[in-house]
Amino acid sequence: MINHVNIAKMKKIFIAFFAFLSIAASAASGADNSTTLRYSRPAEAWVEALPIGNSSTGAMIFGGVDREVLQLNEETFWSGGPYENNNPEGLSRLSEIRRLIFEGKAKEAEDLIQNSYMTPQHGMKYLTLGSLWIDFDHSVNVNEYVRRLDIADACATVDYTADGVKYSREAFASIPDGIIVLKLSADKAGALNFKLGYDAPEGSTVRADGSVLSVTVPGVGHEGVAAALTAEERIKVATDGKTVGENGCIEVSGAKEAVIYVAAATNFVSYNDVSGDAAAKADKMLADVNRRDYKKLKTAHVKAYREQFDRVKLELPDVESSSADTDLRVAGFRDVYDPSLMALLFNYGRYLLICSSQPGGQPANLQGIWNDSMNAPWDSKYTININTEMNYWPAEVTNLSETHEPLFDMVEDLAVTGARTAKVLYGARGWVAHHNTDLWRACGPVDHATFGMWPNGGAWLATHLWQHYLFTGDKKFLKRYYPVIKGTADFYLSHLVPDPKSVFLVTTPSMSPEHGYTNTSITAGCEMDNQIAYDALENTRLAAEALGVDKAYRDTLMSVIKRISPMRVGRHGQLQEWSVDADDPKDEHRHISHLYGLYPSNHISPFRTPDAFAGARTTLMQRGDMATGWSIGWKINMWARMLDGNHADKIVRNMITLLPAKHGNDEGRLYPNLFDAHPPFQIDGNFGYTAGIAEMLLQSHDGAVHLLPALPDALPAGCVSGLKARGNFDVAMEWGDGQLKSATVKSNIGGMLRIRSAIPLKGKGLRAAVGECPNPLLSAGSPRPVEVSTECKGLDRRDIRAYEYDIMTRPGDTVKLSPATR
């Protein structure tokens with residue numbers, strides 16, 4: 001009979017023993033516990049491997065002793081080719097669909113949508129390039145093994161000793177040079193011997209010519225769209241040993257050092273142009289680094305990476321177990337609260353965004369740039385009913401503005417393809433995108449009517465353009481993208497229709513994403529639609545005002561804005577998700593779409609809309625604290641916006657739970673390599689977490705720069721620098737004993753700085769704030785009206801105490817703040 005109690009005890013002893021070994025090794029190396037992922041064994045599964053990337057190319061590094069594997073991706077290698085998925089039959093049935101919805105026959109409307117609006121094309125797939133492998137034959141007499149990902153300089157390393165020889169590997173994905181570089185070395189001359197080969201997808205060719213391996217990977221067709229892309233890879237080995245290339249492999253013997261260069265490219269030029277020369281691109285990338293030594297390549301890589309990463313620094317306390325292997329830290333987090341692990345996960349999100357989204361490239365998709373399958377979950381597309389947007393929540397507030405640029409480029413593309421979708425599907429002006437898109441910028445509805453008939457994805461994406469302007473104050477940027485922002489307003493101006501049961505304008509057909517209260521999700525005028533339509537119209541109005549253009553058009557926008565339904569608090573005290581009071585207080589659905597107005601938008605405020613704020617709190621309580629990984633990331637931000645640091649911290653604890661690669665854990669939300677688990681892996685949860693930690697420390701959406709708005713009791717001390725507030729203010733803070741000790745705010749473009757704090761402050765030139773904030777980049781705007789159901793028995797209103805101060809700044813000014821004596 002198996003003694004399960006003894007097995008459990010032995011497992012704890014085993015984990016504790018390896019934690020002790022890893023702590024000792026980490027302490028000896030001087031590794032920073034908030035910027036280093038560390039493991040004392042190789043990865044056995046993909047979600048244990050460590051990611052590197054330069055936006056265009058990504059690799060997952062396994063760190064095997066006998067065999068090293070680098071699974072590879074190139075950001076433009078997708079299935080299919082240029083296409084559109086606009087069904088022209090839909091427009092002829094639109095009036096009938098709307099009539100059915102307004103008559104309460106939404107299921108019949110859904111069937112009609114399915115038959116007239118959907119197409120066979122539901123989006124193309126993001127693909128893998130396969131895997132580079134290197135055989136060493138070091139499987140015996142191996143000790144002192146450690147693999148690391150140092151996110152302070154974006155380098156992954158493996159070190160171990162085999163038969164008395166110390167072997168080291170160092171890999172990075174160079175942002176300036178666009179290639180992946182792997183250095184192999186031994187501390188004994190002639191001791192480095194290996195064989196390099198490639199496992200490629202079906203139909204690929206692998207050729208060895210001297211010291212260069214050439215790989216050609218054909219694209220694949222999908223859902224009736226023929227393959228239009230081919231990927232080419234060039235893998236070069238430079239070594240002081242002997243090199244032989246034959247039979248699709250390269251063998252190196254008698255070496256002390258070798259450097260492997262990996263270049264990858266496709267023939268993709270743009271969403272409507274596939275005329276590129278993939279082979280020529282890959283060859284040129286290798287040629288460009290051919291005469292530069294490893295040290296210079298690494299120096300250029302680290303410099304480019306740190307220029308972005310070093311802007312923000314978060315310091316939270318270590319605990320005794322902070323130096324343990326990363327997966328053990330996650331596994332033990334519920335028992336041993338480890339603030340430096342929270343800082344590591346925050347830093348990791350910024351690292352992943354830098355690695356997966358750089359100017360000139362594609363936006364980070366559902367898995368960033370990392371995918372090991374030809375059939376990834378949800379095709380690893382751009383899911384734009386929250387997931388793609390969540391990828392970029394950290395971009396501005398954590399001072400990585402340039403990582404936002406690929407998303408802006410995609411939105412600009414969608415404004416073109418989406419204009420045709422708006423015309424063909426709805427007979428509308430402007431442009432529209434539904435809940436998914438891909439490399440080819442398809443804008444029509446996909447999957448099924450109950451998921452895809454949601455015409456708000458484009459407008460949500462366009463709010464990122466407006467938010468970038470609020471964070472930077474860059475009017476040249478606003479002028480360039482104003483037509484794109486205006487296009488979303490034009491769509492709603494021509495798409496909103498009167499609700500026959502009220503005086504309001506509504507979007508229909510639509511849904512509250514992936515959710516419903518009857519036998520269908522299809523509806524009219526749900527709250528999220530109202531919020532996004534409001535933002536599209538109001539952001540356009542404010543953008544036109546900032547640019548001094550389109551006065552008559554602004555008046556038109558305002559007249560329509562006034563006809564959007566107010567937010568409603570229902571009979572259970574909840575913010576209503578739909579136009580009818582149908583929310584189930586026991587519903588714990590992962591999407592909390594009607595709280596878009598709480599985060600990422602700013603419709604819901606304790607100061608301007610206290611009833612909606614109370615309703616949002618009730619909704620959050622009803623939806624519960626556990627969810628899929630990305631939803632947990634969203635809830636961290638929402639509870640931060642509720643100014644409830646302790647509850648936000650509770651959600652953080654739900655996020656930092658281990659989902660082992662080979663063993664089930666229904667509540668695990670982080671894989672051993674810290675990838676977020678839906679499950680399966682979705683990178684949006686990583687980015688949502690990072691944005692959430694920033695939101696707990698700094699907010700600027702509600703009319704002021706709010707310092708430490710949601711600091712939990714469990715983090716009484718720490719410091720952060722480099723966070724960005726709207727108005728283009730850089731903020732640094734130190735706190736102790738649970739409250740602010742000091743803060744500095746740098747004004748990059750000048751203007752009125754309004755500060756909000758839970759404690760009174762002092763500082764040179766500081767004066768008590770009066771009235772609305774005069775800085776338009778910080779202004780919260782006019783509050784939306786709120787209606788409370790007569791059946792509501794009471795609202796959980798909270799008295800939020802805050803001190804507000806103003807100080808006029810000039811570009812380059814630094815404002816120093818400290819607690820005032822009461």
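This is a predicted model: local features need pLDDT of at least 70, side-chain atom pairs count only at pLDDT 80 or more; totals for chains, interfaces and linings use all residues.
In what order do the seven strands of the open sheet line up?

**View 1. A seven-strand open sheet with antiparallel pairing.** Trace the strands across and you get the order β2-β3-β4-β5-β10-β15-β14. At the edges stand β2 (50–53) and β14 (242–246). Each of these two has a single partner strand, so one side of each has no neighbour in the sheet. Going from one strand to the next, the twist averages 20°.

**View 2. Zooming in on strands β3 and β4.** Strand β3 covers residues 57–61 and strand β4 covers residues 67–74. The two run antiparallel, joined by five bridges. To get your bearings, look for T57, which stands opposite E74 in β4.

**View 3. A five-strand open sheet with mixed pairing.** This time the order reads β23-β24-β28-β32-β30. The edge strands are β23 (698–699) and β30 (767–768); each has a single partner strand, so one side of each is left without a neighbour in the sheet. Two bridges pair β30 with strand β32 (residues 803–809) in the antiparallel sense. Pick out R767 and you'll find its bridge partner in β32, D806.

**View 4. Two tyrosine rings, Y145 and Y160.** The structure holds 27 aromatic pairs, and here's one of them. Why does the Y145 and Y160 pair count as stacked? The ring centres are 6.3 Å apart and the planes meet at 25°, which is under the 30 degrees cut-off, so the pair is stacked. Y145 belongs to strand β6 (residues 142–150) and Y160 to strand β7 (residues 155–162), 15 residues apart. Are these two tyrosines buried or exposed? Both Y145 and Y160 are buried.

**View 5. An edge-to-face pair, Y426 and F491.** Now the ring centres are 5.8 Å apart, but the planes sit at 70°, over the 60 degrees cut-off, so this pair is edge-to-face. Y426 lies in helix α10 (residues 405–426) and F491 lies in helix α13 (residues 475–495), so the pair ties together parts 65 residues apart in sequence. Y426 and F491 are both buried.

**View 6. An aromatic cluster, plus arginines over rings.** W46, W370, F675 and F681 come together as one aromatic cluster. Elsewhere, R147 lies over the face of Y39, at 4.5 Å from the ring centre. F309 has a charge over its ring too: the charged end of R350, 5.3 Å from the ring's centre.

Note on methods:
Residues are numbered from 1 along each chain as its sequence is written. Side-chain values use heavy atoms; hydrogens and water are left out. Rings of Phe, Tyr and Trp (its six-membered ring) pair if their centres lie within 6.5 Å; planes under 30 degrees apart count as stacked, over 60 as edge-to-face and the rest as tilted. Helices (H or I, at least four residues) and strands (E, at least two) are DSSP runs, numbered from the N terminus. Buried means under 20% relative accessible area, exposed over 50%, partly exposed in between (1.4 Å probe, protein chains only). A charge sits over a ring if NZ of Lys or CZ of Arg is within 6 Å of the ring centre and within 35 degrees of the ring normal. Two strands pair if DSSP finds at least two bridges between them. Axes are lines fitted to C-alpha atoms, for helices over the stretch in contact, and angles run from 0 to 180 degrees between N-to-C directions.
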